[in-house]
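This briefing is meant for a reader who is new to the structure shown below. Please keep the sequence and the model in view while reading the points that follow.

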Amino acid sequence: MLIKMPKSWEISENRTTPETVFANRRAFMRGVIGAATIAGTGVSLGQSAAYAATDDDTMRYPAPRNPAFQDADRPITDEKLASTYNNFYEFASHKQIWQAAQALPTDPWTIKIDGLVTQPRTIDFDDLLRKIPIEERIYRHRCVERWSMTVPWSGFPMRKLVDLAEPLAGAKFVRFETFHNPEIASGQRQFWYPWPYVEGITLAEAQNDLTFLVTGAYGKPLAKQFGAPLRLALPWKYGFKSIKSIVRISFTDERPVSFWEQTNNREYGFWANVNPNVPHPRWSQAVEEPLGSRDRVPTLLFNGYEEQVAELYKGMSGRSLFM
Ligand code: MTE
């Protein structure tokens, strides 16, 4: 039986600082990469990202921005804030996990693609990047805890991986799984959680234009606290659906049961589409608090992406679509 522990998900006032609006992205990137230092730690964010830039990385990042996703109608969140306020329960159930996450070995990294596919395989992350070109997209990112960010992610549409996997006719869902290594991820020694972290979406959702497999952020390969080397971004769903550090992608005819659904199915459902009118049992979803801002802004249906995703849910009604 699972023991339910309270989650430390409340945003505290002292985590918010004035927002920086970036007029020139390249100037911003130079500033952050060259000089960012986290107050009190003396550790530069450039180092904290803890990736060894290879020639391939130098060629790939910053990736060209896709003009269709260049404006999220919000200022981009300061990189320092976004990368020091993270949920990654494998490393602890608080937000300051970025240093602990540096222990995760990400090179080499393989991803198993299996289930209802023509040819199950295990693919090396670097080989994947050689097969599929990356681009940059600016997405909103909204957590059910009410904080939000706007992040320039780099990566590729999930649809391209679906094409590569060649799912069989019976495949209806995609199940994602994170690494399991309690030796280096101390959070995974917390036995009351159903490790490894699992998430799932429908095949139709996986093939939607917005569904993005992320390999980088802020013009660089993905920092470990963001879920290096490969994570999901589903900007119209609550952040917990955007699984980090993926090691396995399975195509299945059964709806996957996610980590949070297993932990507490009264609070976390399968669909988890953002809806300001459907409160979570512990948090109203009417407004959100962008990181770095003291303002509360109204939350939008499907997090503002209704035009792109409403079609997916046509003919399906009911509250469960939103939690
Ligand atoms: N993926 C894994 N493997 N482990 C996690 O704890 N947390 C989720 C999601 N993906 C999580 C995860 C939650 S609750 C949120 S809100 C987002 O990651 C946070 O992403 P960020 O830290 O990049 O903002």
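Predicted model: local features only at pLDDT ≥ 70, side-chain atom pairs only at ≥ 80, totals over all residues.

## Aromatic pairs and the ligand site

Across the whole structure, a search finds 27 aromatic pairs.

**Aromatic pairs**

- Phe191 and Trp192 form an edge-to-face aromatic pair, with 5.1 Å from centre to centre and 80 degrees between the planes.
- Within this pair, Phe191 has a relative accessibility of 62% and therefore counts as exposed, since exposed means over 50%.
- Trp192, by contrast, has a relative accessibility of 18% and so counts as buried, because that value is under 20%.
- Phe240 and Tyr268 also form an aromatic pair that is edge-to-face, and here the values are 5.2 Å centre to centre and 80 degrees between the planes.

**Residues around the ligand**

- There are 19 residues around the ligand, and of these Tyr89, Glu90, His141, Arg231 and Lys244 come nearest.
- Sorted by class, the shell around the ligand consists of 10 nonpolar, six polar and three charged residues.

- His141, which is among the residues that come nearest, has an N or O atom in its side chain that is 2.8 Å from an oxygen atom of the ligand.
- In the side chain of Thr178, an N or O atom is 3.0 Å from a nitrogen atom of the ligand.
- Ser242 takes part through its backbone, where an N or O atom lies 2.8 Å from a nitrogen atom of the ligand.
- On its own the ligand has 530 Å² of accessible area, and the protein covers 100% of that area.
- The largest cavity is the space taken by the ligand.

Key: Residues numbered from 1 in each chain as written. Heavy atoms only, no water. Near = heavy atom within 4 Å. Polar contact = N/O pair within 3.5 Å; in protein donor to acceptor, adjacent residues only side chain to side chain. Areas by Shrake-Rupley, 256 points an atom, 1.4 Å probe, with all protein chains shown as cover. 1 Å grid on protein atoms, 1.4 Å probe; cavity = no way out; pocket = protein on both sides within 12 Å on 5 of 7 lines; lining within 4 Å. Sits in = over half its atoms within 2 Å of the grid points. Nonpolar A, V, L, I, M, F, W, Y, C, P; charged D, E, K, R; others polar. Phe/Tyr/Trp six-rings, centres within 6.5 Å; stacked < 30°, edge-to-face > 60°. Buried < 20%, exposed > 50% of the residue type's maximum accessible area, 1.4 Å probe, protein only.
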